Amino acid sequence: PIFAADLRTVYGNYGEITNFDQAMRFVADLGVSQRLPYGGEFTAAMISTLVRDVENNITASEGSQIQLGLNVPFLRGVGHVAREDLIQLERDLTYAVRDFERFRRRQLVLVAQSYFGLLRAKQAVIDSTTSLERFRQDFERAQALEEAGTGAQLDTRRAEQEMLSEENRLEDQRETFRVQSDRFKLLIGMPVSEPMDLGDVQDIEAIEAQVELGRYPLLQRSPAMEDEERTTEIALQHRLDLLSRRDQIDDAKRGVAVARNGLLPDLDWNSTLTFDTDPEHYKLGAFEVARATWRSELILSLPLERTRERNRYRASLIDVRRAQRAYQDQVERIRVDVRAAVNGIRLEETSLDIQRRNLGVSDSRREFARYQFYEGMISNRDLFEAEAAWSAARSRLNSAKTSRWNALLDFRLATGTLRVDEDGTQHPPEAP
């Protein structure tokens, strides 16, 4: 119900050459209207009027009136058409909730992937620190051999150069970590002034162990990822944006029904019931049932001019086709997203397997090169090359691990199976 109230005061001065009659009129108007569920409107209003003669200070007129009205359509604007505004508002609210949930899931993936980048930056600092310590030891050893007369000056200078290069690389890695940590703070709404060091970030190996224990279901592989057709079917059932596209087809079809109803003639029934007070008695609340009047009318308006309504009806038919094409286009886009996500997981898993083998080969090469160097069989050039190859292989392996996690999150997002509560609790995709 919609309430309305007015209070008005009117001053009147009626001149008659020499005498002036002055009057004050007070009007109080209280009304309420209620739309009916399937068309029409019910109204109720009460009007009270009081007129006072200012010069003589007497009441000139006093009375009240209550009016009840009912308007009911029979053709145009009747039925579910009358509820269309409310229905569409409820649907729009549903779409807004789905859009927010989609944004929330994308934001989770964005934050997680940014954190994985922070993990790689931390691991790069740790690996560079380890390499620097070994290069420093090799330089000290080469320097000692040169002072003892059994080592070449070239080896010493080469060892010193590699040590300085690795020291510069370590500073670059630390700066990279600081920059990425600041960007991560901005992303999660954390003040940039808050300190964040290496100890505040987890290790990649620690997260791997927790994933194996089932701590992070979103980073675990599902058997459904092997079946692309089944995965696409799941995505078509769970993608919230596709559900909205599907519902928008129904909205467009309802729009056709509303526009078609607008072409009908108007056939309305209006009825009013009025109670008032006796004007001969100055009482605002003395309503008399005997003075009640009832008025009823049936109005038929033929549609001689419906150009605008006809154009709106044609546009609604086009909107249905447009909504259907948008739905089919979204279906194909989801198929592309799912295929790319599945292939991305396969690619990252293949890359991870290759990088693990590459690290094993680099580790064996480094150990063998160090053994040959200590036996005097090779120069430190080969040792430094083996050390650099091991460091690069280690970095590529860490990058492959986090890239695989990114691919798994992209898969969950593409299939609509990302399940996270408000408090961050993760659920497997099979959970409701």
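Here are a few worked exercises on the structure above.

The model is predicted, so local features need pLDDT of at least 70 and side-chain atom pairs count only at pLDDT 80 or more, while totals for chains, interfaces and linings use all residues. Numbering starts from 1 along each chain as its sequence is written, and side-chain values use heavy atoms, with hydrogens and water left out.

**Exercise 1. Check the span of helix α6 against what 1.5 Å a residue predicts.**

Step one: get the element. Helices are DSSP runs of H or I with at least four residues, strands are runs of E with at least two, and both are numbered from the N terminus. That puts α6 at residues 307-374, 68 residues in total.

Step two: the expected span is 1.5 Å times one less than the number of residues.

Step three: look past the end. Just after α6, G376 has a positive phi of about 80°.

**Exercise 2. Which residues of the largest nonpolar core touch the most other members?**

Start with the terms. A nonpolar core is a set of buried Ala, Val, Leu, Ile, Met, Phe, Trp, Tyr and Cys residues joined through side-chain atoms within 4.5 Å. Buried is under 20% relative accessible area, exposed is over 50%, and partly exposed is in between (1.4 Å probe, protein chains only).

Now the solution: the largest core has 51 residues, and Y115, F116, L119, I207, L219 and W405 touch the most other members. At least two residues each come from α1, α2 (153-188), α3 (204-212), α4 (228-238), α5 (240-261), α6 and α7 (380-415). The top contributor is α1, with 12 residues.

Zoom in on L219. Contact means heavy atoms within 4.5 Å. Skipping neighbours within four places in sequence, L219 is in contact with F116, I207, V211, R404, W405, L408 and L409. Apart from this core lies another of 6 residues, including L352, W390, A393 and L397.

**Exercise 3. What lines the largest pocket?**

On a 1 Å grid over the protein atoms alone, a pocket is an open set of points where a 1.4 Å probe fits, with protein on both sides within 12 Å along at least five of seven lines; lining residues have an atom within 4 Å of a point.

The volume is about 620 Å³, meaning the space filled by probe spheres set on the points, which are joined across faces, edges and corners. There are 27 lining residues, with L108, A112, Y216, G424 and Q426 nearest the centre. α1 gives the largest share, 9 residues, and β7 (419-420) supplies at least two.

Split by class, the lining has 14 nonpolar, 5 polar and 8 charged residues. Here Ala, Val, Leu, Ile, Met, Phe, Trp, Tyr, Cys and Pro are nonpolar, Asp, Glu, Lys and Arg are charged, and the others, Gly among them, are polar.

**Exercise 4. Where does Q65 lie, and which residues does it touch?**

Q65 is in strand β4 (residues 58-73). At 40% for R106 and 31% for Q65, both relative accessible areas fall in the partly exposed class. Not counting residues up to four places away in sequence, Q65 touches A45, M46, I47, T274, F275, D276 and F287.
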